[in-house]
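Please look over the sequence and structure below.

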Amino acid sequence: MKVRIKFSKEGVMKYIGHLDIMRYFQKLLRRSDIPIAYSTGMSPHQIMSFAMPLSIGVESDGEYVDIELTDRITSAIAIERLNSNNVDGIKILSFKELPDNAVNAMASICAADYEVSFRKGYEPDFSCIRILEEIYAGDKIEILKKTKKSESIVDIKPGIFSFEGDDKIIKLCVSCGSVLNIKPEMVLGAVYSKMNSELNEFALLIRRKEIYTETEGTRISLNMIGADIL
Amino acid sequence: MRETALSEEILLTVEKPARYIGNEVNSVIKEKDKVKVRFAMCFPDVYEIGMSHLGIQILYSMFNSFEDVWCERVYSPWTDLHKIMKEKNIPLFALESQDPVLEFDFLGITLQYEMCYTNVLQILDLSHIPIYSRDRDENCPIVIGGGPCTYNPEPLADFFDLFYIGEGETVYRKVIDLYLECKENGISRADFLKKASKIGGIYVPSLYKVEYDDEGLISSFEPIYDDVPQIIHKEIEMDISDTYYPEKPIVPFIKVTQDRVTLEIQRGCIRGCRFCQAGMLYRPVRERDVELLKSYAVKMLENTGHEEISLSSLSSSDYTKLEELVNFLVDYAEEKKLNISLPSLRIDAFSLDVMSKIQDIRKSSLTFAPEAGSQRLRDVINKGLTREVILEGAKEAFIGGWTRVKLYFMLGLPTETKEDMRGIAELCNEIAKLYYELIPKSERKGRVQIVASTSFFVPKPFTPFQWAAQNSKEEFLEKAHFVNDSMHEQLNSKSIKYNYHEADVSVLEGVFARGDRKLSRVLIEAYKKGCLFDAWTETFRETPWLEAFEECGIDMAFYTSRERSLEEHLPWDMIDIGVTKDFLKREWMNAVNETVTPNCRAKCSGCGARVFGGGVCYEG
């Protein structure tokens with residue numbers, strides 16, 4: 001039985017990186033006695049796959065991990081057990097059975113919602129939302145993308161699906177996944193460079209709100225797939 | 001949600017911020033207004049090392065089982081954060097509450113190895129606690145040292161208010177009760193320390209005066225007051241089944257050195273290897289009840305979610321119920337999809353059978369610790385392992401499919417000759433030869449892999465070798481090169497890999513292991529020059545240490561390469577570990593005469609540990 005778990009990650013847990021969150025979940029599932037399936041072979045490991053890594057420093061209300069079970073357990077019991085074994089900052093929000101033909105979370109993602117605000121002392125003296133509207137009205141939003149090996153100019157406009165907000169909070173829906181992976185700091189970076197200013201690495205407080213998949217041309221949240229186990 | 005002591009900017013800047021945030025599963029949060037005593041328990045090394053230490057977990061669970069005490073953890077900030085904390089004057093904090101250490105009643109520091117001593121100074125410095133105990137006022141935490149290095153605490157005597165000599169389970173409650181009584185009655189820090197010195201196992205260094213003769217040897221070591229004890233007797237928990245055990249160990253977020261449940265199966269060792277300090281300090285051997293261990297294992301695995309369990313003790317093969325325990329764990333692990341990590345066991349039919357069940361034979365290796373290359377030298381150090389036993393074990397293993405062998409040796413042991421050193425290479429060669437004789441070419445998958453490692457021998461207090469001379473750095477390196485050359489002379493040298501430890505650290509370790517109070521100045525100078533994390537190859541720097549010794553006018557050779565006379569007053573003579581000095585002297589003579597002493601179960605040699613009234617001394 002395939003199961004999708006939705007969880008939030010906040011507070012000091014934002015300092016725990018993706019690999020350690022994976023380790024954390026392995027231990028959490030064992031502590032909670034969830035009947036998770038293991039791979040076969042000399043060193044069996046839990047069958048588990050996360051939708052999308054979250055950068056260190058970013059909080060989230062919409063993280064997903066898919067697992068496989070050997071036995072049935074109700075969603076209510078599983079959520080109760082998992083949360084009673086959780087630390088502050090990680091909370092299980094849902095535990096749903098997936099249809100057998102469901103694509104795993106990681107392979108199917110296409111977009112994510114973010115909420116971006118400014119850390120105290122780093123507030124800009126211009127309206128980011130207004131500048132964003134302005135640059136979005138143009139043909140392209142080009143940014144310099146640096147990797148370890150090279151630098152390249154990338155147009156991120158096609159990856160910005162929607163945005164709204166005010167001077168305090170900006171809500172973004174951006175493309176993610178293997179084709180075009182847009183991070184909120186890229187969008188805000190473009191706003192800052194329009195103002196001939198540089199975005200400080202500590203300026204943004206980022207919170208992921210949701211992750212989406214695409215079915216028949218429409219975006220739906222990963223949580224819309226599957227059903228509670230009763 | 002708790003506030004972190006460090007700002008978000010700092011946490012997002014430093015390497016592995018998870019070292020500093022606390023919040024781990026099974027860490028204990030209490031309301032600070034509802035406890036009477038706050039105890040900061042420190043392992044003076046980086047988080048991943050400190051979190052792997054069982055002793056701290058035991059004491060953490062013990063202290064937190066006291067309703068009126070809240071025990072929290074403190075580790076050494078890594079060099080990146082150290083720099084930031086110094087620059088911004090940020091006080092060191094405990095992980096659970098994130099409160100400054102300075103606000104605590106006690107700061108307990110475990111001293112597991114000599115090369116952490118500059119980290120001890122770092123902890124005090126970053127905590128804003130005066131380095132010298134004499135400069136501390138009534139508001140400072142009481143600074144307590146514990147752990148194996150307190151069996152010669154003298155190099156650190158000026159920095160600690162008191163040392164707890166022995167196993168922590170016994171008298172900490174008394175110390176805390178005395179502290180509370182003094183606090184309630186407005187009794188001063190100095191008077192508290194004086195009263196504490198009368199509790200068994202508690203050594204208050206400031207209450208003793210040391211005098212030296214012209215050569216720098218101790219001429220007198222006396223308590224300042226008549227009612228302060230002359231001798232400090234080690235504390236020992238004789239019933240290690242009915243005592244504190246961490247049933248809910250803390251589960252770190254990041255991968256630590258020992259990322260697993262640790263089950264301590266026994267304390268002490270029956271073997272009596274003459275170089276081994278732990279073997280003498282923790283006498284007599286006491287075993288934990290096997291049924292209790294099984295239930296601890298299950299509880300700890302359930303409470304942590306760890307995927308691995310390991311057994312801990314000296315010479316684990318001597319635990320009388322080992323087969324029963326290991327068989328239980330193998331079955332349990334298979335059912336729950338867990339791993340078992342075995343301690344190095346005597347290689348025999350049982351251990352090979354277990355290893356083949358739980359490990360991939362192609363990837364795992366056999367481990368032998370002959371410690372010396374020749375039978376003669378093994379007799380000197382009283383290491384019972386013989387060439388025949390090693391070859392027999394290797395033979396069984398090769399037939400069973402193993403192709404990797406690890407061997408551990410020491411260089412610089414007393415009476416060592418070139419023959420003994422050549423013996424190391426010859427033994428490696430013999431094992432390789434055995435493989436090629438035993439396994440037909442058609443069944444081999446490449447070469448047999450023999451990995452030999454040598455460490456340099458450092459004489460330790462309370463061992464029969466406490467009077468012995470240690471080799472100099474040059475002698476150590478010469479010996480390592482000699483062994484390396486001998487390896488190349490062997491027929492099967494292509495199957496042998498040889499590693500040796502760094503010599504400069506071993507020399508420093510030797511200085512502090514048998515050092516005295518004169519060394520405190522050197523430690524401070526070295527710390528001022530930036531020495532920190534000296535146990536780490538990547539951070540250890542020899543030059544500032546040499547400069548510090550030079551500037552303090554202290555000759556390292558006085559502590560290392562000088563053979564002490566049996567009459568010399570040793571800096572640790574005020575401590576009584578149960579094992580008598582007469583026994584150690586007899587053993588030193590037996591060593592020189594190449595006479596083997598039987599293990600505790602074969603025959604009692606009258607070491608003195610019977611005085612504790614239990615353990616192996618009273619078996620049968």
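## Chain B and the second largest pocket

Chain B contains 20 helices and 19 strands. The model is predicted. A compact globule of 620 residues would have a radius of gyration near 25 Å, and chain B agrees because its own value is 25 Å. Along the principal axes, the C-alpha atoms of this chain fill a box of roughly 80 × 65 × 55 Å.

Burial and contacts come next. Of the 620 residues in chain B, 59% count as buried. Take the contacts in chain B with a separation of 6 or more: 76% of them join residues 24 or more positions apart. Chain B exposes about 24,600 Å², and 49% of that area is supplied by carbon and sulfur atoms.

Now the pocket. The second largest pocket holds about 790 Å³ of space. Its lining has 25 residues. Nearest the centre of this pocket lie A:M42, A:S43 and A:P44, together with B:L338 and B:N339. Two or more lining residues come from each of these elements: helix 1 (18–31) of chain A, and helix 10 (322–336), strand 14 (339–341) and helix 11 (349–358) of chain B. Which element gives the largest share of the lining of the second largest pocket? Helix 10 of chain B does, with 4 residues.

| Class of lining residue | Number |
|---|---|
| Nonpolar | 8 residues |
| Polar | 8 residues |

Notes. Residues numbered from 1 in each chain as written. Chains lettered and ligands numbered in written order. Predicted model: local features only at pLDDT ≥ 70, side-chain atom pairs only at ≥ 80, totals over all residues. Heavy atoms only, no water. 1 Å grid on protein atoms, 1.4 Å probe; cavity = no way out; pocket = protein on both sides within 12 Å on 5 of 7 lines; lining within 4 Å. Points joined across faces, edges and corners; volume = space filled by probe spheres on them. Nonpolar A, V, L, I, M, F, W, Y, C, P; charged D, E, K, R; others polar. Rg over C-alpha atoms; globule rule 2.2 N^0.38 Å. Buried < 20%, exposed > 50% of the residue type's maximum accessible area, 1.4 Å probe, protein only. Contact = heavy atoms within 4.5 Å. Areas by Shrake-Rupley, 256 points an atom, 1.4 Å probe, with all protein chains shown as cover.
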